[in-house]
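Please open the structure in a viewer and keep the selection tool at hand.

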Amino acid sequence: MSIYTDLFLSFARVGGLTFGGGYAMLPILEREVVDKKGWCSREELTDYYAIGQCTPGVIAVNTATFVGNKMAGFWGSLAATLGVVFPSLVIIVLIAAFLQNFADNPTVIHAFAGLRVVVTILVINTVFKLLGSNVKGKGLPALVLFAIILILSFFFKISSVLLVAGAAIWGLFFSFLPGRTKS
């Protein structure tokens, strides 16, 4: 199988098995890209999430584009992006065609309520995984940065672009301190 087909099918599987948008895709994306395929490390994937959050578009689509580009350049990014978007496009067209007839059905209402709970748990799961691999064991500067970003994002509604830029500056500052090693 060519790398392009593999990228398309892998990301189509991620896109087709996930409900709830980009953040809900993150745990499945991590399992597929890091654990199963080994296309990038958890640290690289976290970097892709951060950049994907700051760039226009859905975080999962942006992440797919970055991974595809890493694996096979422009055509790889195109294959991965089309793969992650294709199932959603098909599902949205089908839902749009039929949902209007069933939107007020109590069974459909309860099904969507259940999906919202699962999506919330998937996002929380991703937060704890990222917290463990990117804050825990990284020292006091990472812990202080985590607390500052948490407070700024929850209580002051600071733009995620500014938060990421500030965190990058923080990381650069601490990387130039004497005795610091790469973490």
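The stops below say what to select and what is there.

**Conventions**

This is a predicted model, in which local features need pLDDT of at least 70, side-chain atom pairs count only at pLDDT 80 or more, and totals for chains, interfaces and linings use all residues. Residues are numbered from 1 along each chain as its sequence is written, and side-chain values use heavy atoms, with hydrogens and water left out.

**The whole chain**

Begin with a cartoon of the protein, which has seven helices and zero strands; helices (H or I, at least four residues) and strands (E, at least two) are DSSP runs, numbered from the N terminus. The C-alpha trace spans about 65 × 45 × 25 Å along its principal axes. Of the 183 residues, 28% count as buried; buried means under 20% relative accessible area, exposed over 50%, and partly exposed in between (1.4 Å probe, protein chains only).

**Ser10 in α1**

Select Ser10, found in helix α1 (residues 3–16). Is Ser10 buried or exposed? Ser10 is buried, because its relative accessible area is 1%. The side chain of Ser10 makes a polar contact with the side chain of Glu32 at 3.2 Å. A polar contact is a pair of N or O atoms within 3.5 Å; within protein, one must be able to donate a hydrogen and the other to accept it, and residues adjacent in sequence count only if both atoms are side-chain atoms. A polar atom of the Ser10 side chain also lies 2.9 Å from the backbone oxygen of Asp6. Leaving aside neighbours within four places in sequence, Ser10 is in contact (heavy atoms within 4.5 Å) with Glu32, Lys37 and Trp39.

**Gly57**

Move to Gly57, in the loop between α3 and α4 (59–102). Gly57 is exposed, with a relative accessible area of 59%. Not counting residues up to four places away in sequence, Gly57 touches Gly52 and Asn62.

**Helix α5**

Next select residues 106–134, the 29 residues of helix α5. At 1.5 Å a residue they should span 42 Å, and the end C-alpha atoms are 42 Å apart, which agrees; the expected span is 1.5 Å times one less than the number of residues. Asn105 caps the N-terminal end of α5, with a side-chain oxygen 2.7 Å from the backbone nitrogen of Thr107. Colour Val108, Val119 and Thr126 to see the buried residues of α5.

**Lys157 and helix α7**

Select Lys157, in the loop between α6 and α7. Phi of Lys157 is near 50°, a positive value in a residue other than glycine, and Lys157 is exposed, with a relative accessible area of 65%. Continue to Ser159, which caps the N-terminal end of α7 through a side-chain oxygen 3.2 Å from the backbone nitrogen of Val161. Helix α7 has 16 residues and reaches 22 Å from its first C-alpha to its last, close to the 22 Å expected.

**The largest pocket**

Finally, display the surface of the largest pocket, in which lies about 2000 Å³ of space. Of the 43 residues that line this pocket, Thr46, Ala50, Asn134, Leu145 and Ala167 are the closest to its centre. A pocket is an open set of points on a 1 Å grid over the protein atoms alone, where a 1.4 Å probe fits, with protein on both sides within 12 Å along at least five of seven lines; lining residues have an atom within 4 Å of a point. Helix α7 gives the most to the lining, with 10 residues.

How values were computed. Grid points are joined across faces, edges and corners, and a volume is the space filled by probe spheres set on the points.
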